[in-house]
Amino acid sequence: MSSPAPGTLAPSARRLRALARAELTLLGRNRGVVFTALVVPLALPFSVRPALDQMDLRKQGISIGAAMLTAAIGFSLLFAVYTSLVNAYVARREELVLKRLRTGELSDPEILTGTALPAMTLGLAQALLLCAGCALLLDAGAPKAPYLTLLGLVAGLVLSAALAALTASFTRTVESGQVTALPLVFVSMIGSGIMFPTEVMPEKLASVCELLPLSPAIRLVRAGWTGQLSVSETLGTLATALAWTLVAVFAVRRWFRWEPRR
């Protein structure tokens with residue numbers, strides 16, 4: 001199969017860049033969203049430190065630094081990407097921005113992707129800074145399998161953006177977005193290994209929690225530091241992440257609302 005001609009990719013890239021630049025400007029004007037995206041993921045991991053100190057993580061081959069690093073990245077996915085994008089999609093829809101964009105050259109995937117790019121870039125930059133900071137300050141050490149952490153970050157960013165678009169489909173106002181985003185936030189914090197590793201859960205409960213949407217990404221990020229993931233387990237985790245991504249993308253294509261919900 002022949003690859004797309006460069007001339008067909010360049011206009012799309014320019015459109016995405018222009019839309020992402022505009023979205024970044026709008027994001028910077030919303031101080032509440034900026035505060036939630038930047039400060040919350042950095043502060044919340046320290047709130048779980050007392051609970052982690054009570055767990056025998058060494059028995060599972062996990063250091064405090066690696067556990068807190070995973071928590072920090074998980075919180076970044078939830079707050080810097082997922083919840084901020086739910087607000088962004090709903091706000092742009094209710095302000096008729098998305099409707100106007102559809103009348104131009106942008107395709108639907110380009111509109112959704114361009115809107116998500118600033119938040120995804122922020123989440124990626126934050127995660128990389130957290131990796132460096134935790135490795136130095138919390139004695140997390142260097143990752144034993146950095147490619148797993150990278151795969152986990154990519155999977156988490158893409159799925160968080162897709163889930164944000166899906167959540168926005170059923171959210172009427174920006175204010176109600178704080179409520180509609182809560183179920184995934186709470187379930188992921190408790191069950192996906194963000195607040196505490198799934199390895200310390202009972203085996204049957206852990207096997208169920210590993211099937212939650214963000215669990216594969218968190219598991220890959222942590223495995224990058226511990227190196228405790230076999231090839232078969234890695235493939236299974238990636239398959240779960242891919243399955244959730246495909247389901248989320250299909251649901252967005254099916255139910256995303258471009259018109260204001262009034």
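Helices (H or I, at least four residues) and strands (E, at least two) are DSSP runs, numbered from the N terminus. This is a predicted model: local features need pLDDT of at least 70, side-chain atom pairs count only at pLDDT 80 or more, and totals for chains, interfaces and linings use all residues. Residues are numbered from 1 along each chain as its sequence is written, and side-chain values use heavy atoms, leaving out hydrogens and water.

**Exercise 1.** State how many helices and strands the protein has.

Solution. Count the helices: there are 13. Next, take burial, where buried means under 20% relative accessible area, exposed over 50%, and partly exposed in between (1.4 Å probe, protein chains only). Of the 262 residues in the protein, 48% are buried.

**Exercise 2.** Find which residues of helix α10 are buried, and what covers them.

Solution. Locate α10 at residues 182-191. Its buried residues are Leu184, Val185, Ser188, Met189 and Gly191. Now look at the cover: it includes α5 (64-94), α8 (146-169), α11 (203-209) and α12 (215-226). Finally, step just past α10: Gly193 has a positive phi of about 90°.

**Exercise 3.** Decide whether Arg92 is buried or exposed, and list its contacts beyond four places in sequence.

Solution. Then apply the contact rule, heavy atoms within 4.5 Å. Leaving aside neighbours within four places in sequence, Arg92 touches Glu23, Leu26, Val97 and Leu98.
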